[in-house]
Amino acid sequence: MRKAKRSDGRVTIRPWRERDADALIRRINDPLVAAFLDHVPQPYTQADARAWFALAEERWREGTMAAFAIEVEGVEGPVGGVGVHFFGGLDEGSAEVGYWVAEEARGLGVATAATRLAAAWAFGSHRDLVRLQLRADVENVPSNRVAEKAGFTREGVLRAQRYNARLGRRTDFAMWSLLREEV
């Protein structure tokens, strides 16, 4: 799987680099990011960042995941992340996109632009990709708005799909999808 950088002139996505560690640590320790990304260690440390960079590199090589840092014109360092996880087996031809952005990037269309860029990269890089899906906690209204603004279609709700210990509840996820012909 070829690593790539994509930009719309304001928002750029590119593979993570080790020198992104300080920006990643500062921004991913945001309580709102931590609440919805409960699988991410908190507090997030240098060791966590190094482990993430190694895992991201390994998954790039395997072709199972593409992890991108999100940059915004005029802001130093990555302000978020967007990634695409490719499925195999019976779900081959499908992938899932996910994203997070730090407080200073929220409400500015950054997550929407990054999601569009990641979708264009995924469909452009993988001719066998037919479906890109996105799950968002139904109570995370901004994340659901991103999915809609990025052109995804809401399919329904995956009820009580998983327990989020940081929120202290089982999570209902809105399921969204984008098909190749819709890009």
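**Sheet and cores**

Ser7 stands opposite Thr12 in β2. Keep in mind that this is a predicted model. The strands β1 and β2 run antiparallel, and 2 bridges join them.

Now the whole sheet. It is open and built from 8 strands, in the order β1-β2-β3-β4-β5-β6-β8-β7, with mixed pairing. Which strands stand at the edges? They are β1, residues 6-7, and β7; each has a single partner strand, so one side of each has no neighbour in the sheet.

At the β7 end, residues 153-164 make up β7, which pairs with β8 in the antiparallel sense over 8 bridges. Within that pair, Val157 stands opposite Ala174 in β8. The hairpin of β7 and β8 has 4 residues between the strands, and Gly168 there takes a positive phi near 70 degrees.

Next, a helix. α3, residues 46-62, lies across β2 and β3, and runs at about 125 degrees to β3.

Last, the packing. The largest nonpolar core has 38 residues, and Ile70, Val82 and Phe152 have the most contacts inside it. Elements that give two or more residues to this core include β3 (65-72), β4 (80-86) and α5 (141-149). Which element gives the largest share? That is α4, with 10 residues.

Key: Residues are numbered from 1 along each chain as its sequence is written. This is a predicted model: local features need pLDDT of at least 70, side-chain atom pairs count only at pLDDT 80 or more; totals for chains, interfaces and linings use all residues. Side-chain values use heavy atoms; hydrogens and water are left out. A nonpolar core is a set of buried Ala, Val, Leu, Ile, Met, Phe, Trp, Tyr and Cys residues joined through side-chain atoms within 4.5 Å. Buried means under 20% relative accessible area, exposed over 50%, partly exposed in between (1.4 Å probe, protein chains only). Two strands pair if DSSP finds at least two bridges between them. Contact means heavy atoms within 4.5 Å. Axes are lines fitted to C-alpha atoms, for helices over the stretch in contact, and angles run from 0 to 180 degrees between N-to-C directions.
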